[in-house]
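Let's take a walk through the inside of this protein. Have the model open beside you as we go.

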Amino acid sequence: MERDTAALGVVIPALDEEEALPPLLQDLAGLAIDHRILVVDGGSWDGTVTAARTGGADVMRSRCGRAQQMNAGAAFLGTRWLLFLHADSRLDETALDSIARHVERDAREAAHFGLAIAHEHFYYRLIESGQRLRERLYGLVYGDQGLLIRRDRFAEVGGYPDEPIMEDVILNRRLRQTGQFVPLAGRLATSSRRYEEEGRIRAWLRNTRTIIRFLSGTDPSVLARGYRPRRMNSPAGLNATPDADPDRTMLLVFAKAPRPGTVKTRLARTVGERRATALYRRMGRLIVANVRPAPARMVVCYDPPDAEAEIRHWLGRPVHRCWPQGSGDLGTRMSRMVERAFFDADRVVVIGTDTPAVDAGTVARAVEALETADVVIGPARDGGYYLMGLRKPDPNLFAGIRWSTDSVLAETRKRTDRLGLSVTWLEMEDDVDTADDLTPEVVRWLDSGKHQTTPHTSLG
């Protein structure tokens with residue numbers, strides 16, 4: 001994906017934050033540098049997505065988990081600088097000015113604010129004082145203190161570790177160990193809601209116990225068992241799509257017959273046509289098997305027109321319906337298949353057969369995101385996309401796109417803007433088009449025949 005022209009990308013992980021988001025987004029509107037805001041939603045049931053769009057932010061639907069949400073947002077934004085904020089934060093004018101000056105200076109140091117809690121009670125001044133002491137003694141800086149960091153520095157430290165808790169402390173300690181983590185002037189205030197909801201003393205005891213156990217070497221996954229999430233006891237579950245009818249949702253899987261010389265041609269230049277075709281065949285079978293449990297009826301859209309028997313033999317038992325794509329470029333064929341699908345569906349999701357990480361969960365998140373978006377797009381790093389979801393057919397999304405180029409995603413985004421369509425993004429993923437894309441993870445996935453988290457391959 002092409003680099004963003006904005007100087008700063010703001011990443012805000014969110015889960016049911018419709019009340020907290022508007023004030024923060026209003027604060028961020030006062031930033032004096034060019035910036036782009038991305039709210040990374042983990043599956044909210046309330047009006048978080050609407051609040052984000054109303055406040056001028058882009059929206060991404062990612063896997064739930066703060067570390068995964070923040071890393072997904074960082075990967076998507078192409079800005080040189082990144083600012084990570086919790087949704088229940090507020091920034092004063094001095095803080096906004098400090099952020100702008102730090103970015104303009106373009107120093108290597110990452111930066112954070114001191115802990116400030118948005119409540120007037122003296123109890124919270126004691127909490128803030130205790131945190132200042134822990135910061136000096138143990139290098140503990142929390143996520144609700146914000147993180148302003150250059151993209152290359154974020155990559156060097158490995159991003160946020162995929163832990164259910166303390167992911168922010170782990171990353172910030174890595175930064176402090178290098179001596180390149182400095183405080184910023186101004187006030188970044190975080191909500192006192194945790195303390196008020198749980199009880200001030202109970203919350204303080206829980207936090208203190210968690211910190212002591214963490215410093216003693218307890219694994220974060222163990223610590224998380226004693227840390228109650230704010231959202232509890234839904235009968236549907238975190239990844240539910242209660243408003244989407246699977247019988248009225250269609251998953252279109254675009255597939256080419258696995259014939260040497262016609263598939264994975266760039267990969268074939270390095271590994272040979274037979275090997276490239278064999279890899280493509282294996283990916284297709286695994287992907288179709290992995291998306292089968294998705295909340296949608298699956299149709300394989302195949303090419304060339306004489307390949308139905310070959311396609312069915314290749315992809316096996318999960319395939320019930322097959323449609324020939326017909327003639328024309330990729331855009332014409334996609335538009336035709338989408339139009340046909342909407343005769344019998346209210347939601348349509350399109351994927352390819354060379355996208356290893358796409359599974360039923362990916363499709364479920366896309367379907368869920370369509371409840372609050374006109375279009376859902378899974379962006380690929382090469383400038384294409386690996387998934388598109390739609391609430392209604394629109395040929396303008398496909399006509400005139402320069403397919404198989406690094407401008408597909410940018411052109412599609414301009415098209416959605418011009419058409420006035422709301423977009424929710426999925427996580428950005430890598431393609432598997434050349435030998436360089438055959439990472440060890442992809443090879444293990446292919447060899448095992450089981451799903452693992454691996455890069456995506458784009459439709460575009």
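**Enclosed spaces and a buried arginine**

Four nonpolar, two polar and three charged residues make up the lining of the largest cavity. Here Ala, Val, Leu, Ile, Met, Phe, Trp, Tyr, Cys and Pro count as nonpolar, Asp, Glu, Lys and Arg as charged, and the others, Gly among them, as polar. This is a predicted model, in which local features need pLDDT of at least 70 and side-chain atom pairs count only at pLDDT 80 or more, while totals for chains, interfaces and linings use all residues. Residues are numbered from 1 along each chain as its sequence is written, and side-chain values use heavy atoms, with hydrogens and water left out.

A cavity is a set of points on a 1 Å grid over the protein atoms alone where a 1.4 Å probe fits but cannot get out, and its lining residues have an atom within 4 Å of a point. Grid points are joined across faces, edges and corners, and a volume is the space filled by probe spheres set on the points. The count comes to two cavities of 30 Å³ or more.

The largest cavity has a volume of about 40 Å³. Its lining consists of R66, M70, F84, L85, H86, G143, Y160, E167 and D168.

Now turn to the second largest cavity, which holds about 40 Å³ of space. Around it are D374, V375, L390, R391, K392, D394 and L421, with three nonpolar, no polar and four charged residues by class.

Finally, find R153 in helix α6 (residues 151–156). R153 counts as buried because its relative accessibility is 4%, where buried means under 20% relative accessible area (1.4 Å probe, protein chains only). Beyond its neighbours within four places in sequence, R153 is in contact with R108, L175, T178 and Q180, contact meaning heavy atoms within 4.5 Å.

Note on methods. 1 Å grid on protein atoms, 1.4 Å probe; cavity = no way out; pocket = protein on both sides within 12 Å on 5 of 7 lines; lining within 4 Å. Helix = DSSP H or I, 4+ residues; strand = E, 2+ residues; numbered from the N terminus. Buried < 20%, exposed > 50% of the residue type's maximum accessible area, 1.4 Å probe, protein only.
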